[in-house]
Amino acid sequence: MQLAIIGTGYVGLVTGTCFAETGNNVMCIDIDENKVNKLKQGKTPIYEPGLEVLLERNIKENRLQFTTDINTGISGAKVIFLALPTPPGKDGSADLQYVLDVAAALSKIITTYTVIVNKSTVPVGTAEKVHAVLSQHLDPSLFDVVSNPEFLREGVAVEDFLKPDRIVIGTESEKAKKVMDELYQPYIRQGNPIYFMDPRSSEMTKYAANSYLAMRISFMNEMANLCERAGANVDWVRIGMGSDSRIGKRFLFPGIGYGGSCFPKDVKALAFTAQEMDYDYAIINTVMQVNDRQKLILGQKVRNYFGSDLSTFKFALWGLAFKPETDDIRDAPALDLINELLAAGASVTVFDPEAMENVKQIFGNKIQYAESQYAALTDAHALIVVTEWSEFRNPDFDRIATALVHPCIFDGRNVYSLEKMNELGFYYESIGRKTIHKHVHDTLAMPQNEIIRERGTLD
Ligand SMILES: NC(=O)C1=CN([C@@H]2O[C@H](COP(=O)(O)OP(=O)(O)OC[C@H]3O[C@@H](n4cnc5c(N)ncnc54)[C@H](O)[C@@H]3O)[C@@H](O)[C@H]2O)C=CC1
Ligand SMILES: O=C(O)[C@H]1O[C@H](OP(=O)(O)OP(=O)(O)OC[C@H]2O[C@@H](n3ccc(=O)[nH]c3=O)[C@H](O)[C@@H]2O)[C@H](O)[C@@H](O)[C@@H]1O
């Protein structure tokens, strides 16, 4: 099938490449010339495991092309996907400007029946808005608007796209349904269901899924904070509760708040939708408040320990991306933490396997950038683990202890075991677990609340 994808970012590029991989002819369109030029050479502008191999193969097979020209780009396309940004507006609502502008442009250039598919995350009722914009210049018999939310996760985007848990399609048109069914057959054959529903339910499903997952994280973050105070270990609590099949094991990891380009903006947008409909969606408002608070927790722990004036201290940060296996730093908790540390006068050296360039664009020379995870540690007073990249999971602890001024780790992702930290003699704080404090330098005496907290037993 001939397809056009408008917007070649994380979603558009993965969608286009994966559709090409199942034999379709795909034209990816983007206004960013640099991006398109890079892609034409088979290079991905983003870090996404497994993507470049598929990209190169499908370009070589002439199934995947890139252009900045929407007119030639959509020519012959039976289906046009919109994978455009829907950033939060000032009031928290999803900004539909990109989607509606492109719909307006399409209304003037479509000449034969085309299915316009919205893959961007958009509020309930957007399919109708897109339909209205298209209808201004286009006979309604020449198009259908379909909602087809995307559920891929960055870092495993290719796998998620090729083997989705489910495909959700919102349309009332039998004609569009047939086209979408044909397009997604290769994915259904792998045993995954395709759910056809009305567009409003489909649009709402996307916000429901993201907000529910965000709620689980906020719930666990609060549970972690309570465990710390109660002398319980949130990891045991997580395992104990998650093995109930009604709860499930996934997405219960406490940390320093959810980040990324989607959860924060989508939860906010759902809250806005509720407000617009005069409904007090109380739990959603709390999810956001809890997350805002959680993002500050690691910085607070550091300040509780070292004092509010950090001007004589240097900190090594491992991990900047909002999660491992991506270079994406949109709404990454690391950015809040860096700002918090800088505001307290600290000096900060960072290392991330993929996200350094993106962070340089924000902080420039306000912080130092290390060439390796170990280089970041030199003369630092503490290591702060922010993102749980694999290479941080089992590091050379002797090297860490030697390089640091004090053997001191603040772990925002519970990457290390308490036993190990205790055995190795680190001062160690994590999320929702007891503090380990051995070998602490005399000048950094333990605050009283830490001593009280130590009464819990080790796991
Ligand atoms: N990033 C993710 O993991 C997921 C994102 N989504 C949703 O998908 C949508 C897109 O997200 P991302 O791919 O992350 O955004 P992105 O920012 O990575 O990509 C958007 C692309 O659209 C391009 N663009 C902007 N205006 C354009 C125009 N007029 N014509 C052509 N191209 C244009 C930009 O240059 C950019 O390359 C959002 O609604 C997001 O919420 C949904 C599921 C997963
Ligand atoms: O709409 C989207 O854009 C996507 O948003 C999320 O995917 P993504 O943002 O790529 O990453 P996640 O793996 O969901 O992680 C989001 C944030 O939650 C945090 N998280 C995740 C899981 C967990 O147990 N605990 C936790 O703190 C992560 O560290 C990260 O900051 C959803 O998982 C996707 O299904 C969805 O398509």
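The chain divides into domain 1 (2-197), domain 2 (206-293) and domain 3 (296-453). The model is predicted. Between the C-alpha centres of domain 1 and domain 2 the distance is 29 Å. Contact between these two domains involves twelve residues of domain 1 and eleven residues of domain 2. On the domain 1 side, the touching residues comprise seven nonpolar, three polar and two charged.

The largest nonpolar core holds 74 residues. Within it, Ile6, Ile80 and Ile116 touch the most other members. Helix H9 supplies the largest share, eight residues. Both domain 1 (2-197) and domain 2 (206-293) contribute residues, so this core lies between them. Ile6 illustrates the packing. Residues up to four places away in sequence aside, Ile6 touches Ile29, Ile70, Ile80, Phe81, Leu82, Ala83, Leu84 and Val102. A second core is separate and has 50 residues. Leu298, Val359, Cys408 and Phe410 are among them.

An unreviewed UniProt entry places a "binding site" feature at Phe151, Leu152, Arg153, Glu154, Lys206, Phe251, Leu252, Phe253, Pro254, Gly255, Gly259 and Lys323. These positions span 173 residues in sequence, and their farthest two C-alpha atoms are 23.5 Å apart, so they do not all gather at one spot.

Two of the annotated positions were examined individually. Leu152 sits in the loop between strand E6 (143-147) and helix H7 (157-162). Leu152 counts as partly exposed because 19 C-beta neighbours lie inside 10 Å. Apart from residues up to four places away in sequence, Leu152 touches Val11, Val14, Ala157, Asp160 and Phe161.

Lys323 occupies the loop between strand E9 (314-318) and helix H14 (333-343). With 20 C-beta neighbours inside 10 Å, Lys323 counts as buried, since the cut-off for burial is 20 or more. Neighbours within four places in sequence aside, Lys323 is in contact with Gly155, Gly260 and Thr387.

Helix H14 has several buried residues. Pro333, Ala334, Leu335, Leu337, Ile338 and Leu341 are buried in H14. The buried residues of H14 pack against helix H13 (297-306), E9, strand E10 (347-351) and helix H15 (356-363). After H14 comes Gly345, with a positive phi near 90 degrees.

The UniProt record, an unreviewed entry, assigns the feature "domain: UDP-glucose/GDP-mannose dehydrogenase C-terminal" to residues 316-418. Across residues 316-418 the chain is 26% helix and 17% strand. The end C-alpha atoms of this stretch are 20 Å apart.

Ala127 lies in helix H6 (residues 126-135). Ala127 is buried, with 24 other C-beta atoms within 10 Å. Neighbours within four places in sequence excluded, Ala127 is in contact with Asn118, Val145, Ser147, Gly170, Pro199 and Glu203. Ala127 and Leu84 are 43 residues apart along the chain, and their C-alpha atoms are separated by 14 Å. Leu84 is one of the residues that Ile6 touches.

Methods
Residues are numbered from 1 along each chain as its sequence is written. Chains are lettered from A and ligands numbered from 1 in the order in which they are written. This is a predicted model: local features need pLDDT of at least 70, side-chain atom pairs count only at pLDDT 80 or more; totals for chains, interfaces and linings use all residues. A nonpolar core is a set of buried Ala, Val, Leu, Ile, Met, Phe, Trp, Tyr and Cys residues joined through C-beta atoms within 7 Å. A residue is buried if 20 or more other C-beta atoms lie within 10 Å of its own, exposed if 12 or fewer, and partly exposed in between; C-beta atoms are placed from the backbone. Helices (H or I, at least four residues) and strands (E, at least two) are DSSP runs, numbered from the N terminus. Domain bounds come from an automatic or database domain assignment. Two residues are in contact if their C-beta atoms, placed from the backbone, lie within 7 Å. UniProt positions are given in the numbering used here, feature names are shortened, and annotations may be inferred rather than shown by experiment. Ala, Val, Leu, Ile, Met, Phe, Trp, Tyr, Cys and Pro count as nonpolar, Asp, Glu, Lys and Arg as charged, and the others, Gly among them, as polar.
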